[in-house]
Each structure stands twice: as C-alpha cells, then as structure tokens.
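Subject: Structure handover

Hello,

Here is the structure I promised to pass on. Please open it next to this email and follow along.

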Amino acid sequence: MTTHLDRLLFAQGGQCFFCRKPLPKAEASVEHLVASANGGTNDDGNCVACCKALNHLLASKSIKDKMQIVLNQRGHIVCPDNVSPQPNPAPTVSPATAAPKPTPAAVNGASTAIDLVQSDLKKRGASRPRKVSTLTSTIKALLKQQQKPNSDAEVANLIAELQKRGKVIVSDTNVTYKLG
Ligand SMILES: [Zn+2]
C-alpha cells in the first residue's frame with residue numbers, strides 16, 4: 001500500500017522538499033506546512049516530505065516562522081541532520097568571467113548569521129556563556145545588534161548548526177566550545 005509519505009516522496013523525486021538531498025524513506029517525514037495544530041489539512045497541497053530533523057525543528061511553528069527559517073538559509077538549505085563538518089567548496093568561476101573581488105566590507109556585510117555567531121564566540125575567549133540559556137540570549141542580542149533575524153527559532157537553529165559543525169557541545173543545560 002502506498003502511504004502519504006511514499007506519494008509525497010515520489011512527487012518530489014525522492015528528495016527532501018527543503019534541502020533537496022536524496023531522502024531515504026526511513027529519514028523522511030511528512031511536514032504539514034500549515035501545522036495540524038494550526039488547522040492545516042492532510043491534503044498534498046499542505047504537505048511535503050522532508051528530513052525528520054527539519055520537520056522536528058519546524059514542528060508547529062507558524063507558517064511565518066517557517067518561512068523565516070527557510071529564508072534565513074539564503075537558498076542554501078541544509079537540514080539539521082545533513083550538515084556536514086566541511087563547508088561546501090566555493091563555486092568555481094572561470095577567471096575570464098570572474099566578477100571583481102568584493103571588498104572586505106562587502107564580504108562582512110554578506111557574512112551569514114552562523115559565521116557571525118561563531119566568530120563572536122571565538123572572540124569571547126574565556127567569557128563564553130556556559131549555559132544554553134545564556135548562550136541563547138547572547139546570540140539573540142548579537143543578531144539583534146546586527147539587525148539579523150533573531151527569533152527563538154532562528155537562535156535554536158544556529159545553536160543546532162554550531163553543534164553540527166562540532167564548534168559547540170551541548171550537554172544537558174551546559175555548553176562547551178571547540179572553536180580552535
Ligand atoms: Zn532535508
């Protein structure tokens with residue numbers, strides 16, 4: 001018998017709706033774009049198959065918060081379970097068509113929230129937050145100061161990504177760092 005998940009996966013070519021990685025059924029789950037808790041239906045028009053980890057993160061957030069999480073990734077969505085420790089190689093551009101190198105200021109302006117947080121934590125040295133709650137408020141304040149999205153979901157997402165990068169180790173309510 002074909003399940004709802006099978007059908008969605010087939011329609012998506014066997015890929016996660018968000019990160020577009022090949023998605024084995026065992027790692028897939030049905031994400032209700034408008035959460036069931038918010039009145040979302042089981043219709044295919046409201047459902048996608050995606051990595052379980054991202055589904056867990058999106059949970060019953062409002063569609064606005066979900067869009068914010070997706071948009072914050074700036075078109076390079078990597079679901080929480082699929083984050084690899086190595087950064088993606090930069091796209092190769094042939095020298096003839098290469099655009100002029102951006103100035104350092106432009107590079108800083110384009111830095112992602114995650115890199116911003118990581119370098120800020122690195123700078124803090126011994127005064128890094130030791131508790132998840134403090135780390136959360138520290139990141140929130142930093143994002144706010146940089147006028148970047150700073151919802152609870154965004155901060156939780158960043159902490160999850162730092163963990164995936166192996167930069168932050170969360171044990172119960174305590175945080176330790178491996179920032180190098
Ligand atoms: Zn995914």
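A disulfide is a pair of cysteine sulfur atoms within 2.5 Å. Keep that cut-off in mind for the cysteines below. Also note that this is a predicted model.

How many disulfides does a search of the whole structure find? The search finds 0. Take Cys50 as a worked case. The closest cysteine sulfur to that of Cys50 belongs to Cys16, 5.2 Å away. A disulfide needs the two sulfurs within 2.5 Å, so this pair is too far apart for a bond. Cys50 counts as buried because its relative accessibility is 0%. Cys47 is buried as well, because its relative accessibility is 4%.

**The zinc site**

Which residues coordinate the zinc ion? They are Cys16, Cys19, Cys51 and Cys79, each through its SG atom. The distances run from 2.2 to 2.3 Å. The site is tetrahedral, with angles of 105 to 112° among the 4 donor atoms. Along the sequence, the donor residues follow the spacing C-x2-C-x31-C-x27-C.

Now look around Cys16. Setting aside neighbours within four places in sequence, Cys16 is in contact with Lys21, Leu23, Ala49, Cys50, Cys51 and Cys79. Cys51 and Cys79 are also zinc donors.

**Two nonpolar cores**

The largest nonpolar core has 20 residues. Within this core, Cys16, Phe18, Leu54 and Cys79 touch the most other members. Which of them gives the most? That is β2, with 5 residues. There is also a second, separate core of 17 residues. Its members include Leu142, Leu143, Val155 and Tyr177.

**Two positive phi angles**

Finally, check two loop residues. Arg20 has a phi near 65°, a positive value in a residue other than glycine. Arg20 sits in the loop between α1 and β1 (28-32). Is Arg20 buried or exposed? Arg20 counts as exposed, because its relative accessibility is 60%.

Ala59 also has a positive phi, near 40°, and is again a residue other than glycine. Look for Ala59 in the loop between α2 and α3 (63-72). Ala59 counts as partly exposed, because its relative accessibility is 40%.

Best wishes

Definitions and conventions: Residues numbered from 1 in each chain as written. Predicted model: local features only at pLDDT ≥ 70, side-chain atom pairs only at ≥ 80, totals over all residues. Heavy atoms only, no water. Buried < 20%, exposed > 50% of the residue type's maximum accessible area, 1.4 Å probe, protein only. Donors = N, O, S within 2.8 Å, 3.2 Å for Na, K, Ca; no water. Tetrahedral: all angles 85-135°; square planar, octahedral: opposite > 155°, others 65-115°. Core = buried A, V, L, I, M, F, W, Y, C linked by side-chain atoms within 4.5 Å. Helix = DSSP H or I, 4+ residues; strand = E, 2+ residues; numbered from the N terminus. Contact = heavy atoms within 4.5 Å.
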